[in-house]
Amino acid sequence: MKHPLSLTWELDSLFEGGSASPEFELFLNELVRDIEKLHKEVLVAEVPTDEETTKPLDEIIELLQSCSGRIVLAAEFAICLGAQNQQDKGAVRLSGKVAGLSARLQGIRSEFDNVLRQTTDEVWALWMARPEIAPLSFVLTESRDLAREKMSPELESMALELAVDGYHGWSEHYETIVGSIAIPFEDKVLSAGQAFNKLDDPDPKVREVMFRKWEEAWGGVADFCADALNHLGGFRLKLYKGRGWEDVLKDPLSINRMSHETLNVMWEVIGNSKPVLVSYLERKAKLLGMESLGWADVEAPIGKSSGKIPYDQAAADIVTQFRKFSPKMADFAEHAFNSNWIEVEDRPGKRPGGFCVSFPERKESRIFMTYSGTPSSVSTLAHELGHAYHSYLLDDQPVFNQNYAMNVAETASTFAEVIVADAQVKAASSAEEKLALLEAKIQNSVAFFMNIHARFLFETRFYEKRKEGLVHAEELSALMEEAQKEAYCGVLSEYHPHFWASKLHFYATEVPFYNFPYTVGYMFSTGLYRLALQEGATFADKYDDLLRDTGVMTLEALVAKHLGADLTQPDFWQGAADLISADIAEFLEMTKELA
């Protein structure tokens with residue numbers, strides 16, 4: 001691996017010139033022409049009446065896939081531009097243009113889905129059995145079934161077009177709000193992304209001061225955030241009503257290709273496992289010299305800081321740990337580092353958080369974060385590399401089959417995290433180092449079992465109240481704090497009422513309920529890791545095969561095929577929870593003399 005590594009990513013190989021790129025402009029113009037060509041072909045497409053009349057539709061399916069892949073490339077490129085510099089007005093303009101094209105393409109896809117919807121079951125079976133189409137049969141059948149549950153194609157197309165300046169517009173407005181956040185700290189003015197990294201500082205005084213400033217900053221824009229959240233929620237509820245969907249979870253569960261039964265069983269197992277997490281949080285409070293933890297203390301490191309982990313060292317460590325599980329995964333990560341696919345520089349103007357975007361058309365990915373040198377930052381880096389590896393395994397699949405759900409996406413990322421975290425714990429050179437690394441690992445359990453659960457509870461209750469009318473900022477804060485107290489079993493002394501305003505995920509329009517899939521992915525990945533420990537080196541190939549099927553199966557079918565397990569029963573989930581409980585038991589044993 002090259003040294004030193006670049007702290008900034010390279011985007012010019014995608015389109016040279018950033019938001020003013022002539023190359024990108026030409027690319028969009030060609031995409032516009034192909035989308036219009038596609039629309040003309042869909043308008044004259046006829047519902048097939050036998051196997052032979054399905055064949056003329058092959059060209060439409062091929063062009064649909066091509067346009068879909070290019071839309072992803074354009075949208076993700078615009079996201080990268082806006083994330084690296086929130087003051088880039090050109091990026092905002094491009095995002096709006098691409099959103100319009102995306103809505104146009106989705107509308108055309110909706111019209112084509114009407115052809116699928118009207119095809120008889122007999123002809124459909126013959127169509128899906130054709131060798132040219134069979135690889136796409138899961139995705140096409142999924143589209144056909146969903147089309148039968150939606151409004152008419154005309155109304156769906158209108159909703160998609162109105163969403164550009166309505167639904168998606170409110171999400172973009174939230175991005176503008178985030179870009180305006182400026183938090184004074186010591187002798188600097190920090191962006192939201194920079195300030196967020198201070199919330200898990202080893203120094204309790206720094207955490208305390210920053211948490212107060214953080215709450216104050218988001219309280220100052222709470223009314224604007226409430227406007228955005230209410231209108232996003234209102235749009236979804238109106239759309240669901242038009243489709244005749246009463247359950248607000250129907251859409252996110254469908255998108256995540258999983259059942260209500262599976263989700264309920266997972267939360268039940270988690271609920272039964274929370275007492276051991278409460279014991280951990282109570283012990284941590286004692287170790288930090290506190291009666292109980294406040295919100296800003298939950299992710300505080302235990303013990304004295306061993307100093308910042310240089311980025312190059314973190315990269316080398318991640319590659320080393322990946323290699324112990326899978327040489328293929330390690331080689332991929334090394335390629336990502338050497339190719340400057342990763343943006344980690346700590347500078348003003350960047351958006352908060354981290355993400356990975358993939359470009360199927362170019363067989364490349366990009367990772368965005370602000371690296372702070374903490375164990376948490378190393379975990380985030382491994383997490384995003386897991387996403388990128390998942391996309392890499394699907395590079396040779398048809399575009400339609402690369403569209404895997406968020407829950408399995410979070411499986412690959414959190415699996416990558418646990419590989420690194422567990423290896424670091426086992427390789428610790430001292431009891432003090434082992435304790436610090438083990439505690440950092442357990443923090444993920446708290447995040448997915450409690451923090452994400454609080455988000456899920458909040459959003460579920462928000463939608464129920466939103467059905468009755470607008471929900472004001474003060475009510476949103478009350479709902480948030482109530483959900484946090486329930487999810488954390490009342491163990492904290494202080495909560496984060498304005499979390500709903502500060503968390504980008506509540507405002508994302510790609511998927512509704514941008515919360516429970518994280519916990520599903522975490523539990524799924526932990527269950528996979530338990531099996532990997534049992535099976536040994538041969539599991540890496542099985543893991544890759546499972547990830548390759550994530551775009552063409554429901555979650556339940558995926559696990560049944562590759563693992564022989566039933567996710568609607570508690571056994572698999574309980575196995576994951578037991579592995580997590582074992583970590584906490586070890587932590588409690590190691591610290592019983594220290595508290």
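**Exercise 1.** Which side chains meet in a salt bridge at 3.2 Å, N to O, and where do they lie? State the burial of both residues.

*Solution.* The model is predicted.
Step 1: the side chains of R207 and D297 form this salt bridge, at 3.2 Å from N to O.
Step 2: the pair joins distant parts of the chain, 90 residues apart, with R207 in helix α9 (residues 204-220) and D297 in the loop between α12 and α13 (311-325).
Step 3: R207 and D297 are both buried.

**Exercise 2.** Describe the salt bridge between D545 and R548 and place it in its helix.

*Solution.* Step 1: the closest N and O atoms of D545 and R548 are 3.0 Å apart.
Step 1: both residues belong to helix α21 (residues 539-548), where they are three residues apart, about one turn of the helix.
Step 2: an α-helix has 3.6 residues a turn, so residues three or four places apart point the same way.

**Exercise 3.** Compare the ring geometry of the pairs F196 and W214 and F456 and F516, and locate each residue.

*Solution.* Step 1: the structure contains 41 aromatic pairs.
Step 1: one of them is F196 with W214, a tilted pair with 5.9 Å centre to centre and 50° between the planes.
Step 2: F196 sits in helix α8 (residues 192-197) and W214 in helix α9, 18 residues apart, so that the pair links distant parts of the chain.
Step 3: F196 is partly exposed because its relative accessibility is 40%, whereas W214, at 3%, counts as buried.
Step 4: F456 and F516 form an edge-to-face pair, with 6.0 Å centre to centre and 85° between the planes.
Step 5: F456 belongs to helix α17 and F516 to helix α20, so this pair ties together parts that are 60 residues apart in sequence.
Step 6: F456 and F516 are both buried.
Step 7: both rings belong to a cluster linked by ring pairs, whose other members include W267, W295, F458, F462 and Y463.

**Exercise 4.** Compare the span of helix α23 with its expected value, then list its buried residues and name elements that cover them.

*Solution.* Step 1: helix α23 (residues 570-591) has 22 residues.
Step 1: its C-alpha span from first to last is 31 Å, close to the 32 Å expected at 1.5 Å a residue.
Step 2: the buried residues of α23 are F572, W573, G575, A576, A577, I580, D583, I584, F587, L588 and T591.
Step 3: the cover over these residues includes α12 (260-287), α17 (431-466), α20 (516-535) and α22 (555-563).

**Exercise 5.** Identify the nonpolar surface patch that contains L155 and classify the exposure of L155.

*Solution.* Step 1: L155, M158 and L162 make up the patch, with about 310 Å² of accessible area together.
Step 1: L155 lies in helix α6 (residues 153-165).
Step 2: L155 counts as partly exposed because its relative accessibility is 45%.

Key
Residues numbered from 1 in each chain as written. Predicted model: local features only at pLDDT ≥ 70, side-chain atom pairs only at ≥ 80, totals over all residues. Heavy atoms only, no water. Patch = residues over 30% accessible without salt bridge, like charges linked within 9 Å, V, L, I, M, F, W, Y side chains within 5 Å. Areas by Shrake-Rupley, 256 points an atom, 1.4 Å probe, with all protein chains shown as cover. Salt bridge = Lys/Arg side-chain N within 4 Å of Asp/Glu carboxyl O. Helix = DSSP H or I, 4+ residues; strand = E, 2+ residues; numbered from the N terminus. Buried < 20%, exposed > 50% of the residue type's maximum accessible area, 1.4 Å probe, protein only. Expected span 1.5 Å × (residues − 1). Contact = heavy atoms within 4.5 Å. Phe/Tyr/Trp six-rings, centres within 6.5 Å; stacked < 30°, edge-to-face > 60°.
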